[in-house]
Amino acid sequence: MKKSLLLRSTFKHIGANSLTTLFMCVGIMIGVAVLVAVIALGRGTEARILDRIDRVGVTDSFTIRTVPWGLGGGGLRDDHGELLLSFDEVTSLPKHIQGIDTVLPTLNARNPVLVGQEKLEDIAIQGVALDFQQVRNLNLSSGSFFSEADIQSGSHIAVIGPALANNFFPGENPLGKLIQVEDLQLEVIGVLDTRGISNSGRNADQIVLVSHEVFVELFQPVGLSTVTVTVQDPANLEKLAAETRSYFEGIYPGEEIFVRYPMATARARDEVANTLSFYLKIIAGTSLLIGGTVMMNLTNLSISGRIREIGLRKALGARNKDISGQVLVETALVSIIAGIVGILLGYLLTNELATRLDLRSIFSWHAPVIGLFFALIIGLVFGVRPAKRAAKLDPVLALRGSQQK
Amino acid sequence: MLYLNQVEKVYSNGSNRIEALQEISLKISPHTFLAIQGKSGSGKTTLLNILGCLDRPESGAYQIDGEDTSLKSDNGLAALRNKKFGFVFQSFNLMPRFNALENVIIPFIYSPNPPGRPKEATQQMLNKVGLSDRTKHLPGELSGGQQQRVAIARALVNNPDVILADEPTGALDNQTSQEILDILAELNSDGKTVIIVTHEKDIAQQCPYVLTLSDGRAIDLKKPGNENLSNGGVNVL
């Protein structure tokens with residue numbers, strides 16, 4: 001009964017001073033909105049890192065290249081002057097460095113692919129080892145990967161990416177169809193699952209995978225520029241990567257070897273998100289602080305305008321704590337309203353940021369709960385001073401509308 | 001019974017000392033209808049504020065029904081204001097955004113034991129002051145006399161023993177003033193103690209007891225000719 005009356009009068013007051021209330025809300029609204037965005041984007045980023053590590057599948061492998069990523073690296077005729085590693089050097093790596101499990105030499109080319117008159121330019125052709133599928137954790141949506149027997153028989157076969165399959169054989173079963181690379185007709189025996197955009201920014205689904213043997217027949221490579229190495233114990237990944245790098249740099253003095261870990265890559269790519277989240281947190285904290293201060297001052301101002309009301313309430317029997325309680329209820333209510341609006345704004349902000357910056361966001365109950373919690377805390381913390389001031393007003397003076405003797 | 005013994009109140013303003021009340025000793029019995037008159041600055045409002053526990057005396061004692069108010073905490077005084085006293089002000093002091101009913105109901109917010117049906121109790125009080133059909137009106141939609149009647153209903157709603165009115169007719173025309181005074185007289189005949197502060201002689205003259213203050217001292221007390229216990233009593237000690 002008493003509480004409902006108090007709440008009603010609070011709502012009346014807030015409603016009648018909607019402009020003041022709006023100003024009180026702005027800071028907290030922005031703060032909560034940004035907070036919600038931080039949480040949603042933070043969770044999205046975390047999920048994406050895990051997801052990417054899952055997709056890449058290899059937390060126990062690293063890749064070395066003789067040229068930086070995004071540049072050449074085909075292992076073809078060394079007409080770019082690039083350093084090429086020999087098969088022997090690469091395949092003997094486990095003998096030289098303790099802890100290395102398997103070595104997966106990979107040959108790369110970018111070449112046109114034809115089906116009949118249809119031609120797609122600049123398609124990634126990779127010559128890979130038998131266990132490539134397993135090590136890279138690749139799944140096939142249909143067909144199968146090439147086997148030992150396929151390689152023995154020298155069959156001209158290939159596994160293609162789903163985008164390529166769609167381009168050439170829309171609505172058809174690509175298995176058994178022929179694609180042409182250089183002069184060879186290759187039979188499609190498998191289609192990969194969708195992987196999306198790869199770490200180097202290329203479409204990983206526009207790809208043709210062939211065996212080393214077929215690749216050699218196609219392009220006559222003179223050496224290797226890309227090698228994926230798996231290690232026995234993932235804990236030694238960094239150490240072994242460094243050892244491998246200095247091993248090759250020892251063989252080829254003056255040359256630079258580039259190393260990349262899938263996990264590190266995934267992390268690095270989301271550095272953007274981490275940086276963003278860091279600054280968003282600062283913005284959220286600052287605007288909550290400013291919001292709180294603004295609210296405190298406006299509440300003080302509103303109390304100055306209501307001194308007679310406070311005097312009257314005291315004359316009618318309000319105790320000091322009734323007065324301070326009413327002020328706190330008001331600031332808490334205003335900040336809850338601001339919090340709710342802030343949460344809605346936060347969703348919009350998150351979606352906008354996620355779209356513009358290509359980030360993932362995950363909404364869950366955390367964001368609104370934490371947002372409201374912070375709004376309420378700010379309201380209470382910054383309401384305490386005005387509440388105390390209001391409670392301490394002398395009733396006789398307050399009834400006359402003055403604060404001081 | 002309200003009992004003031006050698007009550008003094010001093011306001012100091014830098015080096016200036018203003019002695020608002022000096023050596024006031026009074027006994028006010030239940031059912032009294034008392035007017036306090038005096039010139040501006042004579043201390044009459046200060047006396048009313050002390051009587052209503054809005055203010056504390058500087059020295060001297062104030063007892064309410066035998067209880068010493070100096071022993072009470074601020075919360076204790078607030079409870080007394082809520083239960084024992086009803087206040088009426090010159091400028092009505094209504095909440096402008098609350099309708100008549102919502103204004104009258106406010107003392108219940110601070111009451112330790114409000115009635116089960118506060119709205120009905122509130123409506124009854126508004127009926128009593130003749131505003132049964134103005135319940136939903138905002139103060140701005142009411143005349144001055146009607147606003148003061150809402151204020152009286154608010155003062156009555158917790159069923160206090162004492163009504164304290166500071167210049168209750170100060171903002172009203174003669175006819176309305178008379179109506180308000182009649183309501184207060186009626187409350188007194190219902191058994192309430194009514195104490196009003198006024199500077200209007202014709203208002204004061206209608207009250208059975210009239211205390212005159214000057215420079216913070218009680219200089220005169222007019223008593224009715226036929227003083228008997230049923231209409232209370234005031235003594236300057």
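Predicted model: local features only at pLDDT ≥ 70, side-chain atom pairs only at ≥ 80, totals over all residues.
Residues count as buried under 20% relative accessible area, exposed over 50%, and partly exposed in between (1.4 Å probe, protein chains only). Residues are numbered from 1 along each chain as its sequence is written, chains are lettered from A and ligands numbered from 1 in the order in which they are written, and side-chain values use heavy atoms, with hydrogens and water left out.

Chain A splits into domain 1 (2-52 + 270-400) and domain 2 (67-256); these bounds come from an automatic or database domain assignment. The two domain centres, taken over C-alpha atoms, are 56 Å apart.

A:L288 sits in helix α11 (residues 271-304) of chain A. Helices are DSSP runs (H or I, at least four residues), numbered from the N terminus. A:L288 is buried, at 6% relative accessible area. Contacts (heavy atoms within 4.5 Å) link A:L288 to A:G27, A:I28, A:G31, A:V32, A:F374 and A:I378, leaving aside residues up to four places away in sequence. A:Q220 lies 68 residues from A:L288 along the chain, and their C-alpha atoms are separated by 64 Å.

A:V26 belongs to helix α2 (residues 18-56) of chain A. Its relative accessibility is 31%, so A:V26 counts as partly exposed.

Key
Helix = DSSP H or I, 4+ residues; strand = E, 2+ residues; numbered from the N terminus.
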